[in-house]
Amino acid sequence: MRNGIQVVTTSPDETRIVGACLAPTLLPGDVISLSGDLGAGKTVFVQGLATALGVESGVTSPTFTIVHEYEGRYPIIHMDVYRLDSFQEVLDLGFEELLDPQAVLLVEWGEAVTPLFPRSYLSIEIRQAADDDHRLLVFRPRGPQWLSKLEGMKETAEALLDAASLESTDAPRFVDAPPEGPRDHAAMDHDVEEG
Ligand code: ADP
Ligand code: MG
């Protein structure tokens, strides 16, 4: 668990279930970064999470609008910084106010802006290996409080994924994540000098 945990989901609904299982552990002020290519499932994950926090209106991608706000158990701020090119653009958007201690902040493409994040946040990376519905969700705690939140999520999600699954497996779905490679910390393209 030191490096985090990971799980493979086999459908959008399974990804929503995992998102929903993270929701009860969240508190106002929590910040989550979601990374992964276009179509990986970042927004799908947020849909499950937001629904479990009581958001009734449909959660859609903020790729073009950049910021969506929902009222659930807590205010939820859902951003997508994909279309922003620099830290300055993110700051100009009022990012510091969006780091609201009363709200849960979810940032798609968040790995690009982690220098602007608080010290403690959760990193979620979603990878699509092949051209199918399998996704690898990697959860990396940045800060000790996220370790226990991830334990909570894992326990509920194991049970709910089992209940929702047609095939029964005895093997745990969540496993420890491998250590991170140096390239896992991507900065904004424009801020990286390619050598
Ligand atoms: P992103 O926000 O990362 O760009 P979206 O969440 O908008 O991606 O889209 C993910 C797409 O992949 C959706 O069309 C969804 O139906 C599909 N999909 C297929 N399998 C999965 C899975 N296991 N988890 C999440 N999404 C999946
Ligand atoms: Mg998205």
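Which residue in strand 6 is the bridge partner of L34? The bridge partner of L34 in strand 6 is I124. The model is predicted: local features need pLDDT of at least 70, side-chain atom pairs count only at pLDDT 80 or more, and totals for chains, interfaces and linings use all residues. Residues are numbered from 1 along each chain as its sequence is written, and chains are lettered from A and ligands numbered from 1 in the order in which they are written.

Strands (E, at least two residues) and helices (H or I, at least four residues) are DSSP runs, numbered from the N terminus. Two strands pair if DSSP finds at least two bridges between them. Strand 2 (residues 31-35) runs parallel to strand 6 (residues 121-127), with four bridges joining them. Strand 6 also pairs with strand 7 in the antiparallel sense, over seven bridges; here I126 stands opposite L137. Six of the seven residues of strand 6 are buried (20 or more other C-beta atoms within 10 Å of a residue's own, with C-beta atoms placed from the backbone).

Strand 1 (residues 5-9) is antiparallel to strand 7 (residues 135-142), over five bridges, and to strand 8 (residues 175-176), over two bridges. Q6 stands opposite V138 in strand 7 and has V175 as its bridge partner in strand 8.

Key:
Buried ≥ 20, exposed ≤ 12 C-beta atoms within 10 Å, placed from the backbone.
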